[in-house]
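Have a look at the sequence and the model, and then read the notes below.

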Amino acid sequence: MRTNISLEEALEILLKESNQTEPIHVPLMDSLGSVLAEEILSDMNMPPFDKSPLDGYAVCSEDIKGVSKENPIRLNVIDFVPAGYVSEKTISKGQAIRIMTGAKIPEGADVIIRFEDTDFTDDSVTIYTAYSTGSNISKMGEDMKIGDSVIQEGTVIDAPEIGILATLGKSFVQVYRKPRIAILSTGDELIDIQQPLVDGKIRNSNSYTVAAQIKKVGAKPLMLGICDDGIDTIVEKLKSALGWADMIITTGGVSVGDCDLVKEAFQEAGAEMLFWRVRMKPGTPIAVAKYGNKLIFGLSGNPAAAYITFEQFVRPIILKQMGRQKYKLMEVESILENGFTKTSSQNRFVRAHTFYQDGKYYTQFPEKHSSGVLSSLSGTNSLFYVPSGTGPHEAGDKVKVQLLDHPEVLK
Ligand code: AMP
Ligand code: MG
C-alpha cells in the first residue's frame with residue numbers, strides 16, 4: 001500500500017482505477033444532468049414544413065412587386081390559418097390568406113407580410129411594402145434536417161438537450177448510469193440525527209453532508225447509517241453494501257488512533273488497499289481501497305476534512321464514472337481580501353468565499369477554518385490552495401483558488 005502520497009498521485013491512482021458505468025435507457029426527464037451514451041441523429045426535418053414566423057398575410061411575391069406607400073395593392077383575403085392548421089386553399093393572383101405564427105405556409109404563397117405593414121378589413125388587405133420572394137418564411141429543416149447529427153455522444157444533458165430530444169419524440173434516452181454510492185459513518189460517539197444528545201455523543205452529520213455532495217454531482221447516495229468503531233460491524237456493513245453499491249464512502253476511523261480500524265475493515269472485507277494518507281490538510285488520513293472495480297473511500301471523520309477530500313477526490317471520480325470528460329475543479333487567480341498568516345509544512349485547502357467583480361476574482365476567509373469546524377463552511381464556494389512551504393499571505397496577494405461546482409467551464 002502506498003502511503004503519504006501527493007495530491008496528484010492520489011488523483012492519478014483514482015482516475016486509473018475508475019471506470020465508466022454502463023449505458024442504460026432512462027425516461028427523458030430522468031436524463032437531466034446525465035451524459036448521453038448515444039449519438040442523436042434527426043429522423044425528421046424541423047420545422048417539418050415551411051412555416052410562418054410571424055402573424056400577417058401570406059401572399060404571392062409577384063403581386064407585391066414594386067408596391068410602396070404611394071402605390072399600395074389591395075388583395076382579397078380568402079382564408080384564415082392559425083398555428084396547428086393547414087389551409088386547403090391555394091393562393092392565386094390578387095389573393096392573400098391571413099396567417100398566424102407557426103402555421104404552415106399555404107400553397108401558392110411565397111412571402112409573409114407582417115400585420116404592421118398592412119391595413120386590413122375582414123376580407124381584404126392593403127400592402128404598402130415590397131418584400132422579396134421567400135421573406136418571412138421559416139424553411140422546412142432550417143433547425144434540423146433528416147440525418148443531421150444533432151447531439152454528440154458524451155454531451156451532458158441540460159435543458160436545451162432535453163428540448164431537442166423532445167422535439168425528436170424521444171421519450172427514452174441512453175445515458176451512462178448514475179453510480180449508486182453507499183455512505184457509512186463510523187464512530188462510537190455517533191448518534192442518529194433524530195436522537196436527543198447524551199453526554200459524550202454527537203449527531204452524525206457527515207452522512208448527510210456527503211449524501212448532499214453526491215446528489216449535487218448527480219449520483220445516487222444511499223445512507224447506511226452509523227456504525228460503531230468495531231471492526232466486525234464495519235466489515236459486515238461493507239460486505240452487504242458491496243453487493244449493490246458502485247462505490248462506498250465511509251467517514252471516521254482512518255487515523256492512527258486505537259479505535260481507527262476502518263483500513264483493516266476494508267481489507268477484512270476482501271478489498272485491496274490502494275493508498276493511505278495524502279500530503280494535504282485537512283483530510284490527511286484518507287484511505288482508499290478497491291474491491292473488484294469498486295472503490296471504497298475512507299474519509300476522515302472531521303466534517304470539513306470529509307467535505308474537502310470529497311471535493312478533491314470523490315467528486316472527480318463520480319463524474320468520470322458518469323461519463324463526464326470534464327471533472328477537474330476550475331482554478332482561478334484571485335485577490336485575497338484578508339490575509340492568511342499561517343505557514344504550513346503541508347499542502348493546505350482553506351475554505352473561502354470567492355466572488356467576481358469588475359473583471360477580477362476576490363477571496364475572503366471565514367474566521368474559523370479547522371477541520372473539525374463545520375459551521376463556517378456555510379457560505380463558502382471555493383478553496384484557497386496553499387502549497388506546503390508557501391505563505392504567509394497578505395491581503396491583496398494574488399493566489400490560486402479552486403471554485404467548487406464549476407467543472408464544465410474548463411476547456
Ligand atoms: P475520526 O476520523 O474518527 O478520528 O473522527 C474525527 C472527528 O470527527 C471526531 O471528533 C469525530 O467525533 C468527528 N466525527 C466522526 N464522524 C462524524 C460524523 N459522522 N459526523 C460528525 N462528526 C464526526
Ligand atoms: Mg473516530
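What follows is a short tour by topic, from sheets to single residues.

This is a predicted model, in which local features need pLDDT of at least 70 and side-chain atom pairs count only at pLDDT 80 or more, while totals for chains, interfaces and linings use all residues. Residues are numbered from 1 along each chain as its sequence is written, chains are lettered from A and ligands numbered from 1 in the order in which they are written, and side-chain values use heavy atoms, leaving out hydrogens and water.

**The seven-stranded sheet**

- Helices (H or I, at least four residues) and strands (E, at least two) are DSSP runs, numbered from the N terminus.
- Seven strands make an open sheet in the order S1-S17-S18-S19-S16-S12-S15, and their pairing is mixed; two strands pair if DSSP finds at least two bridges between them.
- At the edges are strand S1 (2-5) and strand S15 (220-227), each of which pairs on one side only.
- From one strand to the next, the twist averages 20 degrees.
- Strand S16 (residues 247-251) and strand S19 (residues 294-299) run parallel and are joined by five bridges. Thr-251 has Leu-299 in S19 as its bridge partner.
- Helix H3 (residues 206-217) packs on the sheet and touches strand S12 (180-186), S15 and S16, with its direction at about 170 degrees to that of S15. Contact means heavy atoms within 4.5 Å. Axes are lines fitted to C-alpha atoms, for helices over the stretch in contact, and angles run from 0 to 180 degrees between N-to-C directions.
- Helix H6 (residues 303-321) lies across S12, S16, strand S17 (272-278) and S19, and runs at about 170 degrees to S19.

**Strands around S22**

- Which strand runs parallel to S22, joined by three bridges? That is strand S20 (residues 330-336), where Leu-336 stands opposite Thr-363 in S22.
- Strand S21 (residues 348-357) pairs with S22 in the antiparallel sense, over five bridges. Here Thr-354 stands opposite Thr-363.
- The hairpin of S21 and S22 has two residues between the strands, and Asp-358 takes a positive phi near 45 degrees there.

**Rings and charges**

- The whole structure has nine aromatic pairs. Rings of Phe, Tyr and Trp (its six-membered ring) pair if their centres lie within 6.5 Å; planes under 30 degrees apart count as stacked, over 60 as edge-to-face and the rest as tilted.
- One of these pairs is Phe-115 with Phe-120, a tilted pair at 5.3 Å centre to centre and 40 degrees between the planes. Ring pairs link Tyr-57, Phe-115 and Phe-120 into a cluster.
- Lys-263 has its charged end over the ring of Trp-276, 3.7 Å from the centre of that ring. A charge sits over a ring if NZ of Lys or CZ of Arg is within 6 Å of the ring centre and within 35 degrees of the ring normal.
- Likewise, the charged end of Lys-69 sits over the ring of Tyr-128, 5.2 Å from its centre.

**Cysteines**

- How many disulfides does the structure hold? It holds zero, a disulfide being a pair of cysteine sulfur atoms within 2.5 Å.
- The closest cysteine sulfur to that of Cys-227 is in Cys-259, and because it is 13 Å away, it is too far for a bond.
- Is Cys-227 buried or exposed? Cys-227 counts as buried because its relative accessibility is 7%. Buried means under 20% relative accessible area, exposed over 50%, partly exposed in between (1.4 Å probe, protein chains only).

- Most residues other than glycine have a negative phi, and most peptide bonds are trans.
- A cis peptide bond, with omega about -5 degrees, joins Met-46 and Pro-47. Pro-47 lies in the loop between S3 and strand S4 (56-59).
- Another cis bond runs from Gly-391 to Pro-392, with omega near 0 degrees.
- Arg-277, in strand S17, has a positive phi near 75 degrees.
- Ser-34 is buried, at a relative accessible area of 3%. Beyond its neighbours within four places in sequence, its contacts include Thr-155 and Tyr-176.
- Ser-376 is in the loop between strand S22 (360-364) and strand S23 (382-386), and counts as buried at 11% relative accessibility.
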